[in-house]
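Please keep the sequence and the model in view while reading.

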Amino acid sequence: MTASLMYNRPIRNGNWASMFLWGRNQSLQDGNVGNAYLAESTLRFLTNNYVWTRIENADRTNELLLGQNTLPPGFAERYFTRVQAYTTGYDREFGHIPHISPALGAQVMWYGVPDVLKGTYGSHPVGVIAFLRLRTR
């Protein structure tokens, strides 16, 4: 089950778009329920610049504790904790390629990890990425 609310507003030399989302999964096998929430917003400004942020908050199952191990006999998947992910990024479009809008950008992601998962994922997991984006026009 999902529900979402979206907002879009043109601004001078740009645009602002945001979304709030809620989702729920329920196991047909045992009725186990997990929820997830997401909020994200992207601002295009001065025509060629994009900045964005995203916040995710999701219930997670005990399968995360297994790592790369196979499922033990009699394993029952259950929601048991919640994990948060935070993302922020920027890119800038450049050049003139027919029907393509190229951009260079970067984003940073960091996570809120509950105590029960810190042994597996660390206290402060962080990811950084730099990229070349090619978007068709």
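A residue is called buried at under 20% relative accessible area, exposed at over 50%, and partly exposed in between, with a 1.4 Å probe and protein chains only. This is a predicted model, in which local features need pLDDT of at least 70 and side-chain atom pairs count only at pLDDT 80 or more, while totals for chains, interfaces and linings use all residues. Residues are numbered from 1 along each chain as its sequence is written, and side-chain values use heavy atoms, without hydrogens and water.

The description begins with the sheet. Seven strands make up an open sheet with antiparallel pairing, in the order E1-E2-E3-E4-E5-E6-E7. Strand E1 (2-11) and strand E7 (126-136) are the edge strands, each of which pairs on one side only. On average, neighbouring strands of this sheet are turned by 15° against each other, direction ignored. Strands (E, at least two residues) are DSSP runs numbered from the N terminus, and two of them pair if DSSP finds at least two bridges between them.

Strands E6 and E7 run antiparallel and are joined by eleven bridges. Across this pairing, Leu-104 stands opposite Leu-132 in E7, and Met-109 stands opposite Gly-127 in E7. One of the eleven residues of E7 is buried, so this strand lies largely in the open.

Aromatic rings come next. Rings of Phe, Tyr and Trp (its six-membered ring) pair if their centres lie within 6.5 Å; planes under 30 degrees apart count as stacked, over 60 as edge-to-face and the rest as tilted. The count by this rule is three aromatic pairs. Trp-52 and Phe-131 form a tilted pair, because their ring centres are 6.2 Å apart and their planes stand at 40°. This pair links distant parts of the chain, with Trp-52 in strand E4 (residues 49-61) and Phe-131 in strand E7, 79 residues apart. Trp-52 is buried, because its relative accessible area is 16%, whereas Phe-131 counts as partly exposed at 25% relative accessibility. Tyr-86 and Trp-110 form a stacked pair, with 5.9 Å from centre to centre and 25° between the planes.

Leu-104 lies in strand E6 (residues 100-112) and counts as exposed, because its relative accessibility is 52%.

Technical notes: Helix = DSSP H or I, 4+ residues; strand = E, 2+ residues; numbered from the N terminus. Axes fitted to C-alpha atoms, helices over the stretch in contact; angles between N-to-C directions.
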